[in-house]
Amino acid sequence: MGESSPQSAGLRRDLEVLTELASEESLRRGGLGVVRIAERLGREKSQVSRALRALEAEQMVERDPRTRTFQLGPALYTLAARGVETRMVRAAARWMRGLAEEQDGIVRLCVLIGGQVLTLVMITPGRTLQENSSAEAGVPVTATSAGSALLLDWPPDTLDQLGVGDGFGEQVERVRSRGHAVHQDTDGSGRSGVAAPIRDFRGIVLAAIELAVADDGAAPAPGVVAAVRAAADALSRDLGHDAAVVTRV
């Protein structure tokens with residue numbers, strides 16, 4: 001009853017190899033070779049080699065042909081990213097609903113894909129969460145408050161790759177210093193946007209929460225800005241972000 005099946009034992013051994021490749025030593029050295037992994041696990045080199053070949057075939061690990069060391073592969077990172085995105089969408093629902101009802105505005109959860117802003121989910125007061133709104137796909141970063149909030153991790157000299165024009169880098173710097181972005185009505189929609197970044201446990205910007213409210217020609221009230229930032233901070237904490245720890249590091 002308590003013994004593992006051959007399949008589960010093999011899976012456990014594969015996971016042990018992946019764990020070693022995620023270790024501090026592996027990250028510091030830029031990967032580990034078969035011999036070192038076998039030493040760390042106390043296993044036969046042939047057994048570790050077979051596990052690595054199977055994992056490499058699925059792109060869960062990748063081998064450097066020059067050094068013959070292994071690192072975690074692209075398929076594993078893609079799987080992890082999808083998991084984080086799914087968790088983020090689920091965790092965002094309550095904060096988005098509360099913000100939409102409290103501020104009587106449209107709330108979006110946005111990410112940066114291919115240099116453009118994509119809305120993962122959207123909610124309006126009194127309505128349920130709407131996922132993957134195609135109407136919101138492919139919005140230029142300059143056309144929404146979420147755009148500059150999503151670019152906070154980008155070095156200034158890389159913004160040119162987006163073709164955003166002169167001055168946008170300065171806008172991103174202002175957003176970085178104050179912690180939120182504002183985009184006044186420039187397209188005749190009658191709405192302005194306020195956005196704040198969502199960070200993961202590493203402090204990296206994953207997404208942004210954006211609130212669109214009626215534009216009366218004035219800057220958003222401090223209470224509106226505070227509400228957006230509070231929702232983004234709460235979701236960041238749900239994803240493991242600790243601002244104090246990241247700041248100290």
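This is a predicted model: local features need pLDDT of at least 70, side-chain atom pairs count only at pLDDT 80 or more; totals for chains, interfaces and linings use all residues.
I take a contact to mean heavy atoms within 4.5 Å. Of the contacts with a separation of 6 or more, 52% are between residues 24 or more positions apart.

**Entry: the chain as a whole**

I counted elements next and found 9 helices and 9 strands. The chain has 249 residues, and buried residues make up 40% of them. I noted an accessible surface of about 14,000 Å² for the chain. Carbon and sulfur atoms hold 50% of that surface.

**Entry: salt bridges**

I turned to charged pairs. Side chains of opposite charge can pair when their charged atoms come close. I looked up the count for this chain, and it comes to 11 salt bridges.

**Entry: R43 and E16**

R43 forms a salt bridge with E16, and their closest N and O atoms are 3.1 Å apart. I checked where the two sit: E16 belongs to helix α1 (residues 6-21), while R43 is in the loop between α3 (34-41) and α4 (45-57), so the bridge ties together parts that are 27 residues apart in sequence. I also looked up their cover. R43 has a relative accessible area of 15%, and buried means under 20%, so I list R43 as buried. E16 has 30% relative accessibility and counts as partly exposed.

**Entry: R36 and E39**

Here the closest N and O atoms of the salt bridge between R36 and E39 are 3.2 Å apart. Both residues are in helix α3, and because they are 3 residues apart there, about one helical turn separates them. I have R36 down as partly exposed, at 28% relative accessibility.

**Entry: R108 and E210**

I asked which parts of the chain this pair links. R108 is in strand β3 (residues 106-113) and E210 is in strand β9 (residues 205-214), so the pair links distant parts of the chain, 102 residues apart. The salt bridge has its closest N and O atoms 3.5 Å apart. Are these two buried or exposed? R108 is buried at 12% relative accessibility, and E210 is buried as well, with a relative accessible area of 6%.

Terms used:
Residues are numbered from 1 along each chain as its sequence is written. Side-chain values use heavy atoms; hydrogens and water are left out. Helices (H or I, at least four residues) and strands (E, at least two) are DSSP runs, numbered from the N terminus. Buried means under 20% relative accessible area, exposed over 50%, partly exposed in between (1.4 Å probe, protein chains only). Accessible areas come from the Shrake-Rupley method with a 1.4 Å probe; for residues, only the protein chains shown count as cover. A salt bridge is a side-chain nitrogen of Lys or Arg within 4 Å of a carboxyl oxygen of Asp or Glu.
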